[in-house]
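Please examine the sequence and the model shown here.

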Amino acid sequence: FAKGNGIEQDGYNGENIARRRDIVFCSVNHRLNAFGFSDFSSVGDERFKHSANVGMLDIVAALEWVRDNIENFGGDPSNVTIMGQSGGASKVCMLCAMPSAEGLFHKAVALSGDATRANNPEYSQKLGEAILKEAGLKPEQLDSLQRMPWSEYLEVAMRAQRKFRSNSGYRAGFAPAGNDIDIPSGEFFENRESKVPMLLCSTFHEWNPNRDDPEKEDITFEGVAKELSGTYKDPMAVINGYREVFPEARPVEIWAYAVSHRYGTVKTADARCRQGAPVYMGWFGWESPLFDGRHRAFHCIDISFWLMNTDRMVTHNGGGNRPYRLSMKMSEALVNFMKTGKPSAKKLPEWLPYTPEDGNVMILDDKSYMTTDIDKNARKIVENNWL
């Protein structure tokens, strides 16, 4: 929610999948950070009622444009899929809960990100009030913020955020708020039915801690426990939990699993299942051969596989036939999900739907396979050990 854009890496390019898989591909940009999520609803008049979530409402406006115009480009407004990665995946989840987005899309894909609730509106309102104070303005002068040069406003807002963090202990920053106007408060999937199918996927080593630090490659389990001591009450319990799942993994790999756990992704999947929505789960385990394999299956590596862009992202995967072959399978499954609500590919096993009871998940690798919730016990240990 803080930075980025729809073409910030070549893996996001839609040309290949549009040409090869017969879809219409739209990238979306929207207001971010203080421009998209400054909540002035407590100090402004009716015009500022939606100010906490204008960044998300920009996406809704884009979806309304798609509904009204996509037929002119050969698209089908009755079969729209939204897809996002990392923060974009959180936005996909938010859209699934927003009343104003209902009916504007029909499938949802969330990669390496999740959300079941938005920021507390009390927090977002206080942050908005802090911006006004930092600018030296009274509520009746709120309009003058909109006349500021954008760079000056951003500077004021970021100063206010830093001060508010130090005074309040909150670390949430600028992000959507569950104000019961644009986004439901609390756990926003609860007590709401949905039939929109969702495909969720994360990577094995999202936040691989030695991706950019080769000296950590030979860390011991004792060293990992020390590194995790600021995150978990009993780091060795977490380590041993993942060692049971991956008995041949080296300490640095167990460290990656411990900080890259699927807890939020699975929580989101479970919440969607309670709504009655069909859910499919993937787990991307393909490891990059670059830098002596140190990068592993890191955060963002899978994007180019889904969108048929592995040869555009040789910096991530090394290029060539090996990533290309998996990309062909994953992109076929993705587009079949877009078309039918069920991911499938000729050279993949049958992709079974996820339920909280069986935890079905497709492991995506050179040799892909279906399995059940293999890391369930490890995730429970994680949940019970957070500081």
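In this predicted model, the count of aromatic pairs comes to 17. Y123 counts as buried because its relative accessibility is 2%, under the limit of 20%. F164 is also buried, with a relative accessible area of 13%.

A second pair is formed by F246 and W283: the centres are 6.2 Å apart and the planes stand at 65°, so the pair is edge-to-face. F246 is found in the loop between helix 8 (235-245) and helix 9 (251-259), whereas W283 is in strand 4 (residues 279-284); the pair therefore ties together parts 37 residues apart in sequence. Both F246 and W283 are buried. Ring pairs also link these two residues with F204, Y242 and Y257 into a cluster.

Charged groups meet rings as well. The charged end of R262 sits over the ring of W283, 4.5 Å from the ring centre. Likewise, the charged end of R272 sits over the ring of F189, at 5.3 Å from its centre.

F73 lies in the loop between helix 3 (54-69) and strand 1 (81-85), and F73 counts as exposed because its relative accessibility is 54%, over the limit of 50%. Together with V24 and W65, F73 makes a nonpolar surface patch of about 320 Å².

Terms used:
Residues numbered from 1 in each chain as written. Predicted model: local features only at pLDDT ≥ 70, side-chain atom pairs only at ≥ 80, totals over all residues. Heavy atoms only, no water. Patch = residues over 30% accessible without salt bridge, like charges linked within 9 Å, V, L, I, M, F, W, Y side chains within 5 Å. Areas by Shrake-Rupley, 256 points an atom, 1.4 Å probe, with all protein chains shown as cover. Salt bridge = Lys/Arg side-chain N within 4 Å of Asp/Glu carboxyl O. Helix = DSSP H or I, 4+ residues; strand = E, 2+ residues; numbered from the N terminus. Buried < 20%, exposed > 50% of the residue type's maximum accessible area, 1.4 Å probe, protein only. Phe/Tyr/Trp six-rings, centres within 6.5 Å; stacked < 30°, edge-to-face > 60°. Lys NZ or Arg CZ within 6 Å of the ring centre and 35° of its normal.
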